[in-house]
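Reader: I've got a chain open on my screen and a few things I'd like to ask. Could you walk me through it?

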Amino acid sequence: MTTSMENERSGNGVSRNLLRAGAAVAGLLALLGVAQAQDASVKGTVNIVGFSGVFADNYQKFIIEPFKVKHPGIDVTYQQSKNSAETLALLTLQRADPKIDIALIDVAVAIKASKDGIFAKLDPAKVKVLDEMPAWARLDGDKAVAFSQDNLAILYNTDTVKQPPTSWNDLADPKYKGKIAAKLGDTRGVILLPILDKLAGADYKQSIDPALGLLKKIAPNVSTWEPAPDCYAVIQSGEVDLSICWNGRAQYLHDTQGGKIGVAAPKEGSIGQTNTIGLVENSKNAAAAQLFINYALGTEAQAAFAEKSFYGPVNTKVNLPDAVAARIYGSKEAQAAQMSLDWNFVAEKYSAWIQRINREVIALN
(Lines give C-alpha, C1' and ligand atoms only; values in the text may rest on other atoms or scores of the structure.)
Protein backbone atom coordinates (compact mmCIF):
# COMPACT_ATOMS: atom_id res chain seq x y z
CA MET A 1 0.00 0.00 0.00
CA THR A 2 1.40 3.35 -0.93
CA THR A 3 1.58 5.87 1.89
CA SER A 4 0.72 9.53 1.65
CA MET A 5 4.41 10.38 1.92
CA GLU A 6 5.21 7.99 -0.91
CA ASN A 7 2.51 9.63 -3.03
CA GLU A 8 4.06 13.02 -2.40
CA ARG A 9 7.52 11.67 -3.26
CA SER A 10 6.12 10.00 -6.37
CA GLY A 11 4.41 13.24 -7.36
CA ASN A 12 7.54 15.27 -6.75
CA GLY A 13 9.51 12.82 -8.80
CA VAL A 14 7.10 13.14 -11.70
CA SER A 15 7.19 16.96 -11.37
CA ARG A 16 10.96 16.96 -11.37
CA ASN A 17 11.02 14.72 -14.43
CA LEU A 18 8.53 16.97 -16.19
CA LEU A 19 10.59 20.03 -15.29
CA ARG A 20 13.73 18.37 -16.63
CA ALA A 21 11.90 17.38 -19.80
CA GLY A 22 10.46 20.89 -20.13
CA ALA A 23 13.88 22.42 -19.70
CA ALA A 24 15.28 20.12 -22.34
CA VAL A 25 12.49 21.02 -24.76
CA ALA A 26 12.95 24.73 -24.02
CA GLY A 27 16.65 24.39 -24.64
CA LEU A 28 16.00 22.60 -27.90
CA LEU A 29 13.51 25.28 -28.97
CA ALA A 30 16.03 27.97 -28.10
CA LEU A 31 18.62 26.25 -30.26
CA LEU A 32 16.08 25.94 -33.05
CA GLY A 33 15.31 29.63 -32.64
CA VAL A 34 18.98 30.47 -33.10
CA ALA A 35 19.11 28.21 -36.11
CA GLN A 36 16.09 30.00 -37.57
CA ALA A 37 17.56 33.40 -36.76
CA GLN A 38 20.82 32.45 -38.47
CA ASP A 39 19.93 31.19 -41.92
CA ALA A 40 23.07 30.24 -43.84
CA SER A 41 21.21 28.44 -46.62
CA VAL A 42 21.68 31.34 -49.04
CA LYS A 43 25.25 32.35 -49.74
CA GLY A 44 26.89 35.04 -51.81
CA THR A 45 27.70 38.72 -51.86
CA VAL A 46 25.22 41.56 -52.13
CA ASN A 47 26.65 44.80 -53.48
CA ILE A 48 24.71 47.94 -52.56
CA VAL A 49 25.18 51.50 -53.78
CA GLY A 50 23.51 54.27 -51.81
CA PHE A 51 23.64 57.56 -50.01
CA SER A 52 26.84 58.75 -48.36
CA GLY A 53 27.99 60.15 -45.02
CA VAL A 54 25.97 59.65 -41.85
CA PHE A 55 23.26 57.80 -43.77
CA ALA A 56 25.81 55.23 -44.96
CA ASP A 57 27.21 54.78 -41.44
CA ASN A 58 23.76 54.27 -39.94
CA TYR A 59 22.54 51.99 -42.71
CA GLN A 60 25.57 49.82 -42.12
CA LYS A 61 25.02 49.80 -38.36
CA PHE A 62 21.25 49.43 -38.12
CA ILE A 63 20.32 47.51 -41.29
CA ILE A 64 23.30 45.68 -42.80
CA GLU A 65 24.93 44.37 -39.62
CA PRO A 66 21.70 42.89 -38.15
CA PHE A 67 20.96 41.29 -41.53
CA LYS A 68 24.41 39.67 -41.59
CA VAL A 69 23.79 38.21 -38.13
CA LYS A 70 20.64 36.54 -39.44
CA HIS A 71 22.29 35.47 -42.72
CA PRO A 72 25.98 34.75 -42.02
CA GLY A 73 26.41 33.17 -45.43
CA ILE A 74 25.79 36.48 -47.20
CA ASP A 75 28.44 39.18 -47.36
CA VAL A 76 27.15 42.73 -47.92
CA THR A 77 29.21 45.57 -49.34
CA TYR A 78 28.09 49.22 -49.38
CA GLN A 79 29.39 51.70 -51.94
CA GLN A 80 28.73 55.36 -51.17
CA SER A 81 27.44 57.65 -53.90
CA LYS A 82 27.45 61.45 -53.91
CA ASN A 83 23.82 61.64 -55.03
CA SER A 84 21.12 59.71 -56.90
CA ALA A 85 22.09 61.19 -60.27
CA GLU A 86 25.59 59.77 -59.81
CA THR A 87 24.09 56.40 -58.85
CA LEU A 88 21.92 56.35 -61.95
CA ALA A 89 24.93 57.17 -64.13
CA LEU A 90 26.86 54.27 -62.58
CA LEU A 91 23.98 51.82 -63.07
CA THR A 92 23.56 52.96 -66.67
CA LEU A 93 27.26 52.48 -67.33
CA GLN A 94 27.13 48.94 -65.90
CA ARG A 95 23.90 47.98 -67.65
CA ALA A 96 25.50 45.23 -69.81
CA ASP A 97 27.45 43.74 -66.90
CA PRO A 98 26.13 45.01 -63.54
CA LYS A 99 28.45 44.93 -60.53
CA ILE A 100 25.75 46.41 -58.29
CA ASP A 101 22.83 44.32 -57.00
CA ILE A 102 20.80 46.86 -55.02
CA ALA A 103 20.47 50.63 -55.37
CA LEU A 104 19.18 53.08 -52.77
CA ILE A 105 17.99 56.08 -54.73
CA ASP A 106 15.70 59.14 -54.57
CA VAL A 107 12.18 58.38 -55.74
CA ALA A 108 12.17 60.84 -58.65
CA VAL A 109 15.38 59.32 -60.01
CA ALA A 110 14.09 55.80 -59.28
CA ILE A 111 11.05 56.44 -61.46
CA LYS A 112 13.32 57.42 -64.35
CA ALA A 113 15.63 54.44 -63.72
CA SER A 114 12.66 52.06 -63.74
CA LYS A 115 11.39 53.45 -67.04
CA ASP A 116 14.90 53.03 -68.46
CA GLY A 117 14.92 49.33 -67.53
CA ILE A 118 17.52 49.64 -64.77
CA PHE A 119 15.50 47.78 -62.13
CA ALA A 120 14.01 44.28 -62.10
CA LYS A 121 10.56 43.41 -60.79
CA LEU A 122 10.70 42.03 -57.25
CA ASP A 123 9.35 38.54 -56.65
CA PRO A 124 6.57 38.71 -54.01
CA ALA A 125 7.31 35.10 -53.07
CA LYS A 126 10.79 36.21 -51.98
CA VAL A 127 10.04 39.75 -50.82
CA LYS A 128 7.04 38.75 -48.75
CA VAL A 129 6.80 42.05 -46.87
CA LEU A 130 5.60 43.78 -50.04
CA ASP A 131 2.09 43.15 -48.70
CA GLU A 132 2.92 45.40 -45.75
CA MET A 133 3.89 48.34 -47.95
CA PRO A 134 1.33 50.98 -49.00
CA ALA A 135 0.33 51.10 -52.65
CA TRP A 136 2.07 54.44 -53.25
CA ALA A 137 5.39 52.93 -52.12
CA ARG A 138 5.38 50.17 -54.75
CA LEU A 139 6.64 51.83 -57.91
CA ASP A 140 6.09 50.61 -61.46
CA GLY A 141 4.98 47.10 -60.58
CA ASP A 142 7.44 46.65 -57.70
CA LYS A 143 10.53 47.63 -59.68
CA ALA A 144 11.46 49.93 -56.80
CA VAL A 145 9.93 50.29 -53.34
CA ALA A 146 10.01 53.24 -50.94
CA PHE A 147 11.80 52.35 -47.71
CA SER A 148 12.11 55.67 -45.84
CA GLN A 149 11.20 59.34 -45.85
CA ASP A 150 13.43 62.19 -44.75
CA ASN A 151 11.73 65.52 -44.20
CA LEU A 152 13.09 68.81 -45.44
CA ALA A 153 13.72 71.05 -42.43
CA ILE A 154 15.38 74.26 -41.31
CA LEU A 155 18.57 73.60 -39.36
CA TYR A 156 19.93 76.24 -37.01
CA ASN A 157 23.01 76.87 -34.92
CA THR A 158 21.95 76.53 -31.28
CA ASP A 159 24.66 78.95 -30.11
CA THR A 160 23.67 81.85 -32.33
CA VAL A 161 19.92 81.32 -32.81
CA LYS A 162 18.05 81.55 -29.51
CA GLN A 163 14.57 81.79 -31.06
CA PRO A 164 14.40 79.08 -33.73
CA PRO A 165 12.31 79.74 -36.85
CA THR A 166 8.78 78.38 -36.72
CA SER A 167 7.71 79.03 -40.32
CA TRP A 168 9.16 78.68 -43.80
CA ASN A 169 8.37 82.39 -44.14
CA ASP A 170 11.04 83.11 -41.51
CA LEU A 171 13.69 82.35 -44.13
CA ALA A 172 12.92 85.75 -45.68
CA ASP A 173 13.39 87.65 -42.40
CA PRO A 174 16.04 90.40 -42.94
CA LYS A 175 17.75 89.44 -39.67
CA TYR A 176 19.12 86.38 -41.50
CA LYS A 177 20.69 88.39 -44.33
CA GLY A 178 23.85 86.57 -45.40
CA LYS A 179 23.32 83.89 -42.74
CA ILE A 180 21.61 81.06 -44.64
CA ALA A 181 23.09 78.10 -46.54
CA ALA A 182 20.79 76.67 -49.20
CA LYS A 183 21.84 73.99 -51.67
CA LEU A 184 18.76 73.98 -53.88
CA GLY A 185 20.05 72.70 -57.21
CA ASP A 186 18.88 69.19 -56.34
CA THR A 187 15.99 67.38 -54.63
CA ARG A 188 15.97 69.92 -51.79
CA GLY A 189 14.97 72.63 -54.25
CA VAL A 190 12.45 70.38 -55.97
CA ILE A 191 10.72 69.70 -52.63
CA LEU A 192 10.92 73.30 -51.43
CA LEU A 193 8.99 74.61 -54.44
CA PRO A 194 5.70 72.79 -53.60
CA ILE A 195 6.10 73.88 -49.95
CA LEU A 196 6.46 77.53 -50.97
CA ASP A 197 3.62 77.18 -53.48
CA LYS A 198 1.37 76.02 -50.64
CA LEU A 199 2.38 79.06 -48.57
CA ALA A 200 1.41 81.25 -51.50
CA GLY A 201 -1.94 79.48 -51.87
CA ALA A 202 -0.93 77.91 -55.17
CA ASP A 203 -0.86 74.40 -56.64
CA TYR A 204 2.53 73.09 -57.77
CA LYS A 205 0.86 71.11 -60.54
CA GLN A 206 -0.48 74.32 -62.05
CA SER A 207 2.48 76.67 -61.67
CA ILE A 208 5.67 77.08 -59.64
CA ASP A 209 5.84 80.83 -60.35
CA PRO A 210 4.46 81.76 -56.88
CA ALA A 211 7.06 79.52 -55.23
CA LEU A 212 9.88 81.06 -57.24
CA GLY A 213 8.59 84.49 -56.23
CA LEU A 214 8.92 83.57 -52.55
CA LEU A 215 12.31 82.00 -53.17
CA LYS A 216 13.53 85.27 -54.68
CA LYS A 217 12.60 86.98 -51.39
CA ILE A 218 14.67 84.44 -49.47
CA ALA A 219 17.66 84.66 -51.85
CA PRO A 220 19.25 87.86 -50.39
CA ASN A 221 19.65 86.04 -47.06
CA VAL A 222 21.59 83.17 -48.65
CA SER A 223 25.36 83.42 -48.25
CA THR A 224 26.14 80.20 -50.11
CA TRP A 225 24.26 77.97 -52.56
CA GLU A 226 27.05 75.38 -52.32
CA PRO A 227 27.75 74.78 -48.61
CA ALA A 228 31.03 72.94 -48.16
CA PRO A 229 31.58 70.24 -47.25
CA ASP A 230 27.82 70.01 -46.63
CA CYS A 231 24.78 71.73 -45.17
CA TYR A 232 25.39 70.24 -41.73
CA ALA A 233 29.04 71.20 -41.33
CA VAL A 234 28.40 74.92 -41.99
CA ILE A 235 25.94 74.95 -39.09
CA GLN A 236 28.36 73.06 -36.84
CA SER A 237 31.18 75.51 -37.63
CA GLY A 238 29.01 78.59 -37.11
CA GLU A 239 29.61 79.70 -40.70
CA VAL A 240 25.85 80.28 -41.06
CA ASP A 241 22.89 80.51 -38.71
CA LEU A 242 20.39 78.56 -40.81
CA SER A 243 20.51 75.82 -43.42
CA ILE A 244 17.80 74.18 -45.53
CA CYS A 245 18.55 70.49 -45.27
CA TRP A 246 17.42 67.01 -44.22
CA ASN A 247 15.98 66.22 -40.82
CA GLY A 248 17.25 62.66 -40.25
CA ARG A 249 20.97 63.33 -40.39
CA ALA A 250 20.56 66.59 -38.49
CA GLN A 251 18.74 64.86 -35.62
CA TYR A 252 21.42 62.19 -35.44
CA LEU A 253 24.23 64.77 -35.52
CA HIS A 254 22.47 66.77 -32.81
CA ASP A 255 22.62 63.73 -30.53
CA THR A 256 26.16 62.67 -31.40
CA GLN A 257 28.02 65.96 -31.86
CA GLY A 258 27.21 68.08 -28.86
CA GLY A 259 23.83 69.52 -29.81
CA LYS A 260 25.26 72.31 -31.96
CA ILE A 261 22.72 71.57 -34.70
CA GLY A 262 19.10 72.35 -33.91
CA VAL A 263 16.21 71.29 -36.11
CA ALA A 264 13.11 73.42 -36.75
CA ALA A 265 10.09 71.70 -38.27
CA PRO A 266 7.94 74.58 -39.57
CA LYS A 267 4.32 74.67 -38.43
CA GLU A 268 3.11 74.59 -42.06
CA GLY A 269 4.51 71.08 -42.36
CA SER A 270 7.08 69.66 -44.71
CA ILE A 271 7.43 67.07 -47.46
CA GLY A 272 9.27 63.80 -47.04
CA GLN A 273 12.01 63.03 -49.51
CA THR A 274 11.19 59.43 -50.36
CA ASN A 275 14.10 57.01 -50.61
CA THR A 276 13.65 53.79 -52.56
CA ILE A 277 15.34 50.41 -52.80
CA GLY A 278 15.57 48.51 -56.07
CA LEU A 279 16.95 45.24 -57.44
CA VAL A 280 19.22 45.87 -60.43
CA GLU A 281 18.18 44.12 -63.64
CA ASN A 282 20.41 41.08 -64.36
CA SER A 283 21.85 41.09 -60.84
CA LYS A 284 24.23 38.16 -60.38
CA ASN A 285 23.08 37.79 -56.77
CA ALA A 286 19.33 38.20 -57.14
CA ALA A 287 18.34 35.58 -54.55
CA ALA A 288 20.53 37.04 -51.80
CA ALA A 289 19.65 40.58 -52.85
CA GLN A 290 15.91 39.96 -52.53
CA LEU A 291 16.46 38.35 -49.15
CA PHE A 292 18.16 41.57 -48.09
CA ILE A 293 15.38 43.75 -49.53
CA ASN A 294 12.81 41.67 -47.66
CA TYR A 295 14.67 42.35 -44.41
CA ALA A 296 15.24 46.07 -45.14
CA LEU A 297 11.51 46.59 -45.74
CA GLY A 298 10.45 44.56 -42.70
CA THR A 299 9.19 45.94 -39.41
CA GLU A 300 12.39 45.21 -37.46
CA ALA A 301 14.65 47.14 -39.82
CA GLN A 302 12.13 49.91 -40.48
CA ALA A 303 11.52 50.55 -36.78
CA ALA A 304 15.22 50.49 -35.92
CA PHE A 305 16.15 52.93 -38.67
CA ALA A 306 13.34 55.27 -37.66
CA GLU A 307 14.09 55.24 -33.95
CA LYS A 308 17.87 55.50 -34.28
CA SER A 309 18.31 57.52 -37.47
CA PHE A 310 15.04 59.52 -37.52
CA TYR A 311 13.92 58.50 -41.01
CA GLY A 312 10.18 58.06 -41.42
CA PRO A 313 9.24 54.37 -41.88
CA VAL A 314 7.10 53.22 -44.80
CA ASN A 315 6.02 49.74 -43.65
CA THR A 316 2.39 50.09 -42.50
CA LYS A 317 2.90 47.82 -39.47
CA VAL A 318 5.46 50.12 -37.82
CA ASN A 319 4.04 52.28 -35.03
CA LEU A 320 6.38 54.98 -33.73
CA PRO A 321 6.48 56.26 -30.14
CA ASP A 322 5.19 59.85 -29.97
CA ALA A 323 8.61 61.19 -29.00
CA VAL A 324 10.22 59.63 -32.08
CA ALA A 325 7.43 60.80 -34.38
CA ALA A 326 7.88 64.36 -33.09
CA ARG A 327 11.57 64.32 -34.00
CA ILE A 328 10.83 62.99 -37.48
CA TYR A 329 7.75 65.02 -38.39
CA GLY A 330 7.67 67.90 -35.88
CA SER A 331 4.81 69.06 -33.67
CA LYS A 332 1.28 67.67 -33.89
CA GLU A 333 0.42 70.79 -35.90
CA ALA A 334 3.27 70.14 -38.32
CA GLN A 335 2.36 66.46 -38.55
CA ALA A 336 -1.23 67.34 -39.44
CA ALA A 337 0.04 69.71 -42.16
CA GLN A 338 2.52 67.20 -43.61
CA MET A 339 2.30 67.24 -47.40
CA SER A 340 2.74 64.54 -50.00
CA LEU A 341 3.70 64.79 -53.66
CA ASP A 342 2.64 63.14 -56.88
CA TRP A 343 6.12 61.80 -57.54
CA ASN A 344 5.36 60.65 -61.06
CA PHE A 345 4.42 64.24 -61.90
CA VAL A 346 7.45 65.62 -60.05
CA ALA A 347 9.80 63.18 -61.79
CA GLU A 348 8.73 64.60 -65.14
CA LYS A 349 9.29 68.18 -63.95
CA TYR A 350 12.42 67.51 -61.88
CA SER A 351 15.10 68.73 -64.32
CA ALA A 352 13.04 71.68 -65.55
CA TRP A 353 12.38 72.88 -62.01
CA ILE A 354 16.05 72.72 -61.09
CA GLN A 355 16.93 74.63 -64.25
CA ARG A 356 14.49 77.38 -63.28
CA ILE A 357 15.90 77.57 -59.74
CA ASN A 358 19.43 77.85 -61.13
CA ARG A 359 18.53 80.36 -63.81
CA GLU A 360 15.96 82.55 -62.07
CA VAL A 361 17.19 82.53 -58.48
CA ILE A 362 20.73 81.27 -57.94
CA ALA A 363 22.32 82.86 -61.04
CA LEU A 364 20.86 86.27 -60.10
CA ASN A 365 21.98 86.13 -56.47
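Author: Happy to. One term before we start: a residue counts as buried when its relative accessible area is under 20%. Keep in mind, too, that this is a predicted model.

Reader: Then which residues of H8 are buried?

Author: H8 covers residues 247-256, and seven of its ten residues are buried, so the helix is largely enclosed by the rest of the structure. Under that 20% cut-off, the list runs Asn247, Gly248, Arg249, Ala250, Gln251, Tyr252 and Leu253.

Reader: How are H2 and H9 oriented to each other?

Author: Their axes, for residues 54-70 and 286-296, come within 10 Å and cross at roughly 120°. The crossing is right-handed. Angles of 65 to 115 degrees would count as roughly perpendicular and those over 145 as roughly antiparallel, so the pair is oblique.

Reader: How many charged residues are there in the contact of H2 with H9?

Author: From H2 come Tyr59, Ile63, Ile64, Pro66, Phe67 and Lys70, and they meet Ala288, Leu291, Phe292, Tyr295 and Ala296 of H9. Ten of the contact residues are nonpolar and none is polar, and the number of charged ones is one.

Reader: Where is the pLDDT below 50?

Author: The chain averages a pLDDT of 89, and 89% of the residues score at least 70. The stretch below 50 has two contacts in the model beyond near neighbours in sequence, and it spans residues 1-36.

Methods. Residues numbered from 1 in each chain as written. Predicted model: local features only at pLDDT ≥ 70, side-chain atom pairs only at ≥ 80, totals over all residues. Heavy atoms only, no water. Axes fitted to C-alpha atoms, helices over the stretch in contact; angles between N-to-C directions. Helix = DSSP H or I, 4+ residues; strand = E, 2+ residues; numbered from the N terminus. Parallel < 35°, antiparallel > 145°, perpendicular 65-115°, else oblique. Left-handed = near helix turned anticlockwise from the far one by under 90°. Contact = heavy atoms within 4.5 Å. Nonpolar A, V, L, I, M, F, W, Y, C, P; charged D, E, K, R; others polar. pLDDT = per-residue confidence, 0-100. Buried < 20%, exposed > 50% of the residue type's maximum accessible area, 1.4 Å probe, protein only.
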